[in-house]
Amino acid sequence: MVAPIYYYSTNRQFSNQSSGDFERISFQEALFQGQAQDEGLFMPDRIPKVSPEELRQLPHMRYPEIASLVLGKFLRPEISASVLSQLAREAYTFEIAIESLGEKRYLMRLDQGPTASFKDFAAQMLARLMGYFNRNGNYLNLLVATSGDTGSAIGRAFQGIPGIFVYILYPRQEVSPKQEAQLTSINGNVRAVSVDGKFDDCQKMVKSAFLDPELRLFHLTSGNSINIGRLLPQMVYYFYAYSRLAKYEEKVIFSIPSGNFGNAIGCEIAYRMGLPVEKIIIATNENDEFPGFLQNGRYEKISPSRRCLSNSMNVGHPSNLGRLFDLYGGNVDKDGYVHRNPDRTAMRRHIFGVGISDSETIDTMVRIWREKKVILEPHGAVAFAGLESFREQEGEPDLPQIVLETAHPGKFSEVLQEYLGVTPEMPESLKHLQLKNHYIVLPNEYRIFKEYLFENLKR
Ligand SMILES: *Cc1c(COP(=O)(O)O)cnc(C)c1O
């Protein structure tokens with residue numbers, strides 16, 4: 001039997017006294033802690049491999065089967081193979097469309113889930129894993145800060161999961177009407193909290209709550225992408241795309257529209273497991289602090305973050321960057337301060353970073369629509385423009401190049417109407433949305449949020 005995998009914090013500051021080594025904990029503990037107490041991020045202490053034989057089997061497997069194969073390597077023996085495949089079958093009931101764009105370029109649409117963004121892939125599995133590990137019936141309180149897509153995906157996924165109560169903080173003025181309607185139409189064990197502030201304020205309140213010793217008596221955990229339980233499911237669709245597009249022993253290239261880098265790190269871990277990935281393109285919008293670092297070696301977070309059309313990527317310091325640095329031997333803290341530089345040469349060999357401006361994003365959407373009659377929304381357009389920039393600089397590779405479309409164009413109908421003059425078809429999940437009154441309003445003040453938590457949290 002293979003040894004189980006344990007999880008350590010990227011800050012390695014909570015040491016195990018007897019051995020002098022830094023502490024490692026089980027997946028279940030890492031899942032429920034969310035963020036490590038030393039403010040680092042949990043990472044697996046070993047990256048398991050997929051065998052060539054397993055890679056050869058993938059084309060014959062359906063998505064839930066691939067998910068349980070890949071995730072099982074990180075979660076067993078804590079969770080049995082039969083339970084995991086049951087959870088994966090329940091989580092992944094929707095389609096993944098792959099469209100050809102010519103010249104070996106493909107678009108993988110990760111927008112067919114219940115809330116029409118790729119966040120559903122992680123949220124659906126996270127909810128089921130937490131529900132499973134919480135089966136002894138404890139009360140658990142999940143806090144989430146959202147700029148839109150995360151909140152609705154998490155809210156939907158956790159609705160009706162026994163014992164788990166979810167609080168979703170969103171910035172009232174920054175979410176779109178459709179996003180707000182999605183957030184406020186969830187009820188029961190899920191509560192939308194409309195905050196008089198910006199996304200950064202919501203995130204700050206949630207972080208303060210996690211670090212507040214007076215709130216320790218409640219079981220608090222995070223649903224944001226710092227949670228390892230959200231990160232791991234984001235490896236699976238890379239295996240899926242590979243199995244559907246690559247010939248035997250062929251490598252592939254992925255272009256990933258990135259904000260907090262959870263998605264890109266899923267790809268990096270898949271590569272380290274043995275998935276034949278030639279290059280990972282990390283495409284950001286004008287919040288291009290990481291592409292800048294790859295270029296010149298100086299990391300400067302962007303504060304406040306720049307507001308771009310691809311609003312789910314308006315992040316001036318990616319919360320998962322600590323994981324990427326850690327994988328390359330570096331350390332950066334949550335405030336963006338670099339304590340140890342990663343091996344930038346190795347990073348650049350494998351990762352191509354590029355920032356795409358809003359005007360390039362619009363040009364790309366317009367061009368793809370005119371030339372191919374394919375509708376991209378702004379996030380997917382950033383990824384496509386990122387691939388184009390890669391091809392200009394490094395030549396056109398004779399390999400499958402896969403662009404991730406992370407949101408449904410129907411979520412951006414106003415933008416697409418304005419620039420393309422088309423109204424995208426709405427997915428079922430967005431068709432009948434109405435603003436409901438299932439939400440509470442709070443000022444941007446931690447003290448009041450804390451009072452609210454004391455009155456409402458279950459213990
Ligand atoms: C969250 C999100 C992203 C960015 O993903 P990260 O994992 O944070 O890099 C991109 N596109 C859409 C539509 C999103 O909702």
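Me: Helices (H or I, at least four residues) and strands (E, at least two) are DSSP runs, numbered from the N terminus. With that in hand, between which two elements does the loop with E249 lie?
Reply: This is a predicted model. E249 is not a glycine, yet its phi is positive, about 65°. Its loop lies between α10 (236–245) and β9 (252–257).

Me: Which residue does a cis peptide bond join to R76?
Reply: Look at the loop between α3 (63–75) and α4 (81–91). Omega at the bond is about 5°. The partner of R76 is P77.

Me: What is omega at the cis peptide bond of S303 and P304?
Reply: P304 sits in the loop between α12 (289–296) and α13 (321–327). A cis peptide bond links S303 to P304, with omega of about -5°.

Me: How far apart are the C-alpha centres of domain 1 and domain 2?
Reply: The domain assignment gives domain 1 as 96–116 + 230–420. Domain 2 is 119–227 + 432–456. The distance between their C-alpha centres is 26 Å.

Me: Which residue meets K178 in a salt bridge?
Reply: Two salt bridges are counted between domain 1 and domain 2. For K178, the distance from N to O is 3.5 Å, and the cut-off is 4 Å. So the pair counts as a salt bridge. The partner of K178 is E414.

Me: Which helices each supply at least two residues of the side of domain 1 that touches domain 2?
Reply: Twelve residue pairs are in polar contact across the interface of domain 1 and domain 2. On the side of domain 1, the helices that each supply at least two residues are α9 (228–231) and α17 (413–420).

Me: How do the residues on that side of domain 1 divide by type?
Reply: The side in question is the one that touches domain 2.

Me: Which residue has a polar side-chain atom 2.6 Å from an oxygen atom of the ligand?
Reply: N260 brings a backbone N or O atom to 2.8 Å from a ligand oxygen. F261 also places a backbone N or O atom 2.8 Å from a ligand oxygen. The side-chain atom at 2.6 Å belongs to K119.

Methods. Residues are numbered from 1 along each chain as its sequence is written. This is a predicted model: local features need pLDDT of at least 70, side-chain atom pairs count only at pLDDT 80 or more; totals for chains, interfaces and linings use all residues. Side-chain values use heavy atoms; hydrogens and water are left out. Domain bounds come from an automatic or database domain assignment. A salt bridge is a side-chain nitrogen of Lys or Arg within 4 Å of a carboxyl oxygen of Asp or Glu. A polar contact is a pair of N or O atoms within 3.5 Å; within protein, one must be able to donate a hydrogen and the other to accept it, and residues adjacent in sequence count only if both atoms are side-chain atoms. Ala, Val, Leu, Ile, Met, Phe, Trp, Tyr, Cys and Pro count as nonpolar, Asp, Glu, Lys and Arg as charged, and the others, Gly among them, as polar.
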